[in-house]
Amino acid sequence: MDSLLIKGGVPLHGDVTISGAKNAVLPIMAATLLTRERCIIRRVPNLSDVTFMGQILSSLGAEVKREENTLEVRAAKVKGMGDYELIRKMRGSICILGPLLARLHKARVSLPGGCVIGSRPIDLHLKGLEALGAKITIEAGYVVAQAKRLTGTDMFLGGRSGPTVLGTANIMMAATLAEGVTIIESAACEPEVVDLAKFLTAMGAKISGAGSPTITITGVSELHGAEHEVIPDRVEAATFAIAAAATGGEVTIHGVRPEHFHAVLDKLKESGVKIVRNGPALTVSKASRLKPVDITTLPYAGFPTDVQAQMMVLMVLTQGISIITERIFESRFMHVSELARLGADIAIEGPSAIVKGGRALSGAPVMASDLRASAALVIAGMVARGSTLVKRIYHLDRGYENIDEKLRKLGARIERVEET
Ligand code: EPZ
């Protein structure tokens with residue numbers, strides 16, 4: 001198992017290009033199950049989650065070919081049940097449920113387990129599919145779904161912490177082949193949902209309102225193959241922007257869509273970070289004096305929960321107190337105790353972390369617990385005096401394409417080492 005050994009104290013300088021979005025490509029790969037025809041997806045990031053999803057599609061009978069960042073999928077024949085372990089391992093794979101049910105009128109998909117950031121139930125996914133007419137039972141760790149036909153209807157898909165991203169994706173995909181019109185109220189508005197709707201529309205689906213809380217889908221009898229280029233990863237872009245500011249450097253981020261993460265850019269500006277936009281590129285440079293700001297994670301277009309950990313590192317570097325409140329996932333502060341190993345002073349009060357900035361960080365061995373926590377530890381390691389060893393970076397490889405290589409090109413002293 002690999003770790004990352006980081007020698008801190010080097011300001012990042014130079015240019016970096018953002019990869020395709022993990023959270024857009026996973027549901028788009030699942031959507032290829034809705035047609036027998038060939039689909040071509042471009043700007044596919046080289047991530048372990050993408051590899052897993054490819055293996056899951058193959059286990060369902062689809063032909064999956066990959067050449068660099070282009071994926072070709074042909075699901076000419078598919079079966080309703082895939083590899084239990086593969087599906088259980090990757091939560092994102094739950095979004096094969098809607099397409100399988102729509103295409104085959106039956107599906108047997110392993111129930112995704114909880115994860116370290118929260119219990120992550122799928123009750124809203126099941127509620128939506130039942131509203132379309134599916135009969136759903138949980139048997140032997142599987143979600144078993146079947147329906148003579150799926151019929152369009154109106155539904156409210158909001159939960160205790162607001163809309164669900166993959167739940168909206170699942171229902172939107174199932175409704176494309178349902179009879180009649182489906183209206184999803186309290187739908188997720190994330191750019192990844194809009195990108196999926198764009199791909200489905202290219203396949204012949206009839207969808208309006210994606211990106212707003214009300215999505216309308218008029219069912220069609222079948223969908224055809226399509227080509228699509230995935231949007232850039234706004235979370236990766238935000239991570240590099242924060243890394244530039246935290247290390248006191250200047251980085252130009254290319255191939256980015258700033259309108260997809262305005263809430264993050266707004267908070268960075270509020271904390272004094274300099275951000276200059278030039279066309280599809282953003283230049284982020286250090287603040288003359290970094291100021292503490294308060295953050296509350298919210299559904300899109302609010303501050304994304306997937307950037308909370310990285311932003312916490314930046315707040316550790318301010319001369320003041322900032323309050324970071326996590327409203328989406330109930331236990332997404334696993335990085336706090338690891339940041340404390342590096343010398344940070346953070347107290348947790350219910351859903352909030354009170355960050356007392358101003359203490360210098362010093363390198364130490366730390367453990368990554370999940371994808372975004374690992375990104376935060378890498379940023380902290382690049383700031384801390386001396387060496388930091390970030391263990392279990394398989395979490396990082398799930399969501400960041402060649403991140404250590406990209407950081408080295410920006411001057412970071414970072415290398416992959418075998419974990420002893
Ligand atoms: C997506 O997960 C992303 N994953 C997550 O990114 C991201 O953090 C999350 O959306 C929120 O933005 C992918 O797209 C693959 P949700 P998803 O359903 O769809 C509750 C990363 O780091 N809920 O929008 O699984 C749920 O527990 C990952 O890249 C229910 O109660 O998240 C949570 O509190 C981590 N019942 C809230 O809603 C349900 O049926 C939002 O979850 C579904 C969700």
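This is a predicted model: local features need pLDDT of at least 70, side-chain atom pairs count only at pLDDT 80 or more; totals for chains, interfaces and linings use all residues.
Angles under 35 degrees count as roughly parallel.

**Entry: H10 and H11**

I looked up H10 and helix H11, residues 334–341, to begin with. Their axes come within 10 Å and cross at roughly 30 degrees. H10 and H11 are therefore roughly parallel to each other. I then checked the hand, and H10 passes H11 in a right-handed crossing. On the H10 side, the contact is made by Gln308, Ala309, Met312 and Val313. On the H11 side, I listed His335, Val336 and Leu339. I sorted these residues by class: five are nonpolar, two are polar and none is charged.

**Entry: H8 and H12**

I moved on to helix H8, residues 234–246, and helix H12, residues 371–383. Their axes come within 9 Å. The crossing is roughly 20 degrees, which makes H8 roughly parallel to H12. I found a right-handed crossing where H8 passes H12. From H8, the residues in contact are Val235, Thr239, Ile242, Ala243 and Ala246. From H12, they are Arg372, Ala375, Ile379, Met382 and Val383. I wrote down the classes for this contact as eight nonpolar, one polar and one charged.

**Entry: H1 and H2**

I turned to helix H1, residues 22–31, and helix H2, residues 48–59. They pack at an angle of about 5 degrees, and their axes are 10 Å apart. So H1 is roughly parallel to H2. H1 brings Lys22, Val25, Leu26, Met29 and Ala30 to the contact. H2 meets them with Asp49, Val50, Met53, Gly54 and Leu57. I sorted the contact of H1 with H2 into seven nonpolar, one polar and two charged residues.

**Entry: the ligand**

How many residues surround the ligand? I found 22. The closest are Asp123, Leu124, Thr164, Asp306 and Ile328. I then looked up the side chains that place an N or O atom by a ligand atom. In Asp123, such a side-chain atom is 2.6 Å from a nitrogen atom of the ligand. For Asp306, I noted 2.6 Å between an N or O atom of the side chain and an oxygen atom of the ligand. The side chain of Asn23 has an N or O atom 3.1 Å from an oxygen atom of the ligand.

Which peptide bond is cis, with omega near 20 degrees? I traced it to the bond from Tyr300 to Ala301. Ala301 is found in the loop between strand S17, residues 295–296, and helix H10, residues 308–316.

I also looked up Ala140. Its phi is positive, about 50 degrees, although Ala140 is not a glycine. I placed Ala140 in the loop between strand S7, residues 135–139, and strand S8, residues 142–146.

Definitions and conventions: Residues are numbered from 1 along each chain as its sequence is written. Side-chain values use heavy atoms; hydrogens and water are left out. Axes are lines fitted to C-alpha atoms, for helices over the stretch in contact, and angles run from 0 to 180 degrees between N-to-C directions. Helices (H or I, at least four residues) and strands (E, at least two) are DSSP runs, numbered from the N terminus. Angles under 35 degrees count as roughly parallel, over 145 as roughly antiparallel, 65 to 115 as roughly perpendicular and the rest as oblique. A crossing is left-handed if the near helix is turned anticlockwise from the far one by less than a right angle, and right-handed if clockwise. Contact means heavy atoms within 4.5 Å. Ala, Val, Leu, Ile, Met, Phe, Trp, Tyr, Cys and Pro count as nonpolar, Asp, Glu, Lys and Arg as charged, and the others, Gly among them, as polar. A residue is near a molecule or strand if one of its heavy atoms lies within 4 Å of it. A polar contact is a pair of N or O atoms within 3.5 Å; within protein, one must be able to donate a hydrogen and the other to accept it, and residues adjacent in sequence count only if both atoms are side-chain atoms.
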